[in-house]
Amino acid sequence: MPQQDRPVTVALVGAGNRGQTYARWVAAHPDRARLVAVADPRAHQRSLVTAAHPDAVGFTDWRDLRTAGVAADAVIVATQDRMHVEPAVAFAAAGHHLLVEKPLAPTAEECRRIVDAVRTTGVLFAVCHVLRYTPYTDLVKRVVDSGVLGEVVSAQHLEPVGWWHFAHSYVRGPWRREDLATPMLLAKSSHDLDWLSYVTGRRVERVSSFGGLRHFRPDQRPAGATDRCLTCPVEPECPYSAPKLYLPTLRERGPIWPVSVVTDGTDEPALLDALRTGPYGRCVYSCDNDVVDHQVVAMELTGGLTATFTVTAFTEQTHRQTRLFGTHGTLTGDGERVRVHDFRTDRIEQIEAGTVGGATAADDHGGGDSGVMDAFVRAVATGDGHHIRSGLDESLASHLAVFAAETARHTGTVVTVPAH
């Protein structure tokens, strides 16, 4: 691979956990990228980025960054879900290449707004569907494309959110309510419907769906439980205890995610104070959450391929798990390896993916966070959009499938997914 003439210059809009993840990749690859600006209304989050990028100019508002005329080849939009559209459209219009955190937007109309803006300007564009960029995904797709499975006829896919991750992000955290963020399927699992389309090479055409909020609600609250974990007599036996979720992480690994989301502090007193007064110390049965804690989607993809997808809170925290059923073989995968059974020879082969990192945001999403940054920066540096696996058409299609699934869930019907 030829070397770049110069590092790609990048501006970051949104310096939360996702934005900081991408900024760390830039800091680790100074020969390939340089962060020149960051915009976030929170001084602490801005300072975390500028501490690692001393030459980056800080702004409290992305609009100020835009009007300041900072020279940047590309802009990463990593704001909250409902705050992607305006900056994405504005920076596309200004001619900046775009990397946008998923989901693109909470409605189909807003997604199309971003897509139309990018088409009009012709800038390079990628969505952070990081699952497309992992070594494990490369392996699964290589097996499928090799033909050893024959024609893939059906698929089963599981997103095991993890009991503590769900409590952190979707009961106590910012994705707990649809009106604050997006439906659970869009916030967490737009990755998964997108991934199924990517590895099979098929588009989701029809969907039905079932699910709801079963457990994290007031009528499931244990007798004697109080509104705060730190004062609750039931806390030692509760699997969703906030001290159990955060204190071991801080003690064993330091103030990384998810501790870094709970408090700006770096020590135990700061964490305990945050649990005493902030949202992450609340009883999971006494929050204002309304997103589903379990959901199933049944899909028909191009050519009649059928698939089921399950997302659930009630699992260990681990990689996605998949089974692909073909006319000549099966594939069973767990995010780190695949087991391939070839019916023609009756041979069973287990292949390691060389997965990098764990399944969570603290562990590079199995190599996906690094992978999407590598591909996007390479595309900008070379002007070759083929490096991007999650562009306009692919991402819009997977978002439209999620919106259709949510319509199906609410109406109890089978819904056809629009083609565009």
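Helices here are DSSP runs of H or I with at least four residues, numbered from the N terminus. With that in hand, welcome to this predicted model. The chain has 13 helices and 15 strands. Its radius of gyration is 22 Å, close to the 22 Å that the globule rule gives for 420 residues, so the chain is as compact as a globular protein of that length. The notes below start with the whole chain and then visit some strands, a helix and a few single residues.

**The whole chain**

- Of the 420 residues in the chain, 55% are buried.
- Take the contacts between residues at least 6 apart in sequence: 71% of them join residues at least 24 apart.

**Strands side by side**

- Start with strand β7, residues 152-160, and look for its partners. One of them is β11 (residues 321-326), which pairs with β7 in the antiparallel sense over six bridges.
- Within that pairing, H157 has T322 of β11 as its bridge partner.
- Strand β7 is also joined to β10 (residues 306-312), this time by seven bridges, and these two strands run parallel.
- Here you can find Q156 standing opposite T308 in β10.
- Strand β10 pairs with β9 (residues 294-301) as well, in the antiparallel sense and over seven bridges. In this pair, V297 stands opposite F309 of β10.
- Strands β9 and β10 form a hairpin with four residues between the strands, and G303 in that hairpin takes a positive phi near 85°.
- A handy idea to keep in mind while looking at strands: in a regular strand the side chains alternate between the two faces of the sheet.

**Helix α9, end to end**

- Does the length of α9 fit its residue count, or what span should we expect? At 1.5 Å a residue, the twelve residues of α9 (242-253) should span 16 Å, and the end C-alpha atoms are 17 Å apart, which agrees.
- The buried residues of α9 include A242, P243, L245, Y246, L247, T249 and L250. They cover an arc of only 165° around the axis, which puts them on the same side of α9.
- On the other side of α9 you will find R251 and E252, which are exposed.
- What covers the buried residues of α9? The cover includes helices α7, α10 (259-262) and α11 (268-277).
- At the N-terminal end, S241 caps α9: one of its side-chain oxygens lies 3.2 Å from the backbone nitrogen of K244.
- After α9 comes G254, a residue with a positive phi near 90°.

**H165, a residue in a helix**

- H165 sits in helix α7, which runs over residues 163-171.
- Is H165 buried or exposed? Its relative accessible area is 10%, so H165 is buried, since buried means under 20%.
- Leaving out residues up to four places away in sequence, H165 touches Y170, K188, W257 and Q317.

- T355 lies in the loop between strand β14 (347-352) and helix α12 (368-382).
- T355 has a relative accessibility of 23%, so it counts as partly exposed.
- Not counting residues up to four places away in sequence, T355 touches Y136, H319, G335, E336 and G366.
- T355 and R132 are 223 residues apart in sequence, while their C-alpha atoms are 13 Å apart in space.
- A225 lies in another loop, the one between strand β8 (204-212) and helix α9.
- With a relative accessible area of 13%, A225 is buried.
- Beyond its neighbours within four places in sequence, A225 is in contact with C232 and V234.
- A225 and L301 are 76 residues apart in sequence, and their C-alpha atoms are 46 Å apart in space.

Terms used
Residues are numbered from 1 along each chain as its sequence is written. This is a predicted model: local features need pLDDT of at least 70, side-chain atom pairs count only at pLDDT 80 or more; totals for chains, interfaces and linings use all residues. Side-chain values use heavy atoms; hydrogens and water are left out. Two strands pair if DSSP finds at least two bridges between them. Buried means under 20% relative accessible area, exposed over 50%, partly exposed in between (1.4 Å probe, protein chains only). Contact means heavy atoms within 4.5 Å. The expected span of a helix is 1.5 Å times one less than its number of residues. The arc is that of the directions from the helix axis to the C-beta atoms. A polar contact is a pair of N or O atoms within 3.5 Å; within protein, one must be able to donate a hydrogen and the other to accept it, and residues adjacent in sequence count only if both atoms are side-chain atoms. The radius of gyration is taken over C-alpha atoms; the globule rule is 2.2 Å times the number of residues to the power 0.38.
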